[in-house]
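Dear colleague,

My notes on what was found follow below it.

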Amino acid sequence: MTLSNSGVSPTWKLFKNSTQLAEHATLDILNAASVSIKNNGAFHIVLAGGTTPRNVYKLLAQATSDWQHWHIYLGDERCLAVDDGERNSVMANECLLQHVSIPETQIHFIPSELGPEKAAYAYKDTLSAVEEFDMVLLGMGEDGHTASLFPGHIHDPQQLTHAVFDAPKPPAERVSLSSACLSNNANLLIFITGHSKHERVIDWISGVSMPVSTIKSKNKAAVYCDHSAWLGET
Ligand code: 6PG
């Protein structure tokens with residue numbers, strides 16, 4: 001995997017509510033999968049953590065796709081026990097992966113139960129086998145973080161993964177893909193919903209730099225934002 005933070009910045013698309021956003025995003029993901037599988041025989045997708053993508057994953061779980069050609073990665077993981085309900089892997093399993101027939105060997109979770117450093121080191125090997133992600137899904141926190149890349153945290157930009165020890169969003173210990181690794185994609189989709197994200201949306205479009213705004217795409221990038229986050233509607 002070659003790293004670079006050059007690339008295209010996202011365009012913004014607004015949706016009346018999170019339901020319409022999730023429906024549109026689901027169709028985009030299924031289309032991207034169809035094109036990748038048709039052209040390359042595989043679809044390598046990085047799943048976002050947190051709560052925003054849950055509705056998208058639940059809609060995907062009801063859809064039809066060539067699941068046997070999907071390859072799953074996570075943008076970040078919390079350092080918790082394998083079966084802890086707060087893990088992104090558990091959320092992805094519950095909402096999507098246990099409902100579709102993606103081969104187990106093609107689901108690449110971050111072994112964060114090993115702790116930040118060991119897990120970040122181990123996941124680097126997994127990621128180095130991927131030339132470029134076909135799609136990367138991300139969320140954004142109220143402080144402008146994405147994956148587990150938090151404002152004010154300094155990381156080696158040449159790394160594929162980062163061990164995180166002092167995340168302001170619990171748990172403190174996490175593993176994150178780097179900005180450059182997340183930017184190595186053909187299709188970037190960032191989901192932002194809810195009025196709690198409004199201030200950072202305004203900051204972002206006003207040119208304030210934050211971790212989420214460092215993520216680019218080699219080809220196509222979009223931020224899907226609902227009216228609550230865009231207008232600050234409650
Ligand atoms: C995590 C996520 C994180 C998330 C944002 C938004 O592990 O916490 O990867 O980056 O995407 O915090 O979270 P919500 O979607 O819950 O608002």
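Asparagine 93 is partly exposed, because its relative accessible area is 25% and partly exposed covers what lies between buried (under 20% relative accessible area) and exposed (over 50%), using a 1.4 Å probe and protein chains only. Please keep in mind that this is a predicted model, in which local features need pLDDT of at least 70, side-chain atom pairs count only at pLDDT 80 or more, and totals for chains, interfaces and linings use all residues. Residues are numbered from 1 along each chain as its sequence is written, and side-chain values use heavy atoms, with hydrogens and water left out.

Asparagine 93 belongs to helix α3, residues 88–95; helices (H or I, at least four residues) and strands (E, at least two) are DSSP runs numbered from the N terminus. Leaving aside residues up to four places away in sequence, asparagine 93 is in contact with Gln98, His99 and Phe109, where contact means heavy atoms within 4.5 Å.

Turning to the sheet, 7 strands make up an open sheet with parallel pairing, in the order β1-β10-β9-β6-β2-β3-β5, and two strands are said to pair if DSSP finds at least two bridges between them. The edge strands, each pairing on one side only, are β1 (11–15) and β5 (107–108). Within the sheet, β2 (residues 43–47) pairs with β6 (residues 135–139) in the parallel sense over 2 bridges, and valine 46 has valine 136 in β6 as its bridge partner.

Finally, among the buried residues of α1 are Leu21, Ala25 and Ile29, and just after α1, glycine 41 has a positive phi of about 80 degrees.
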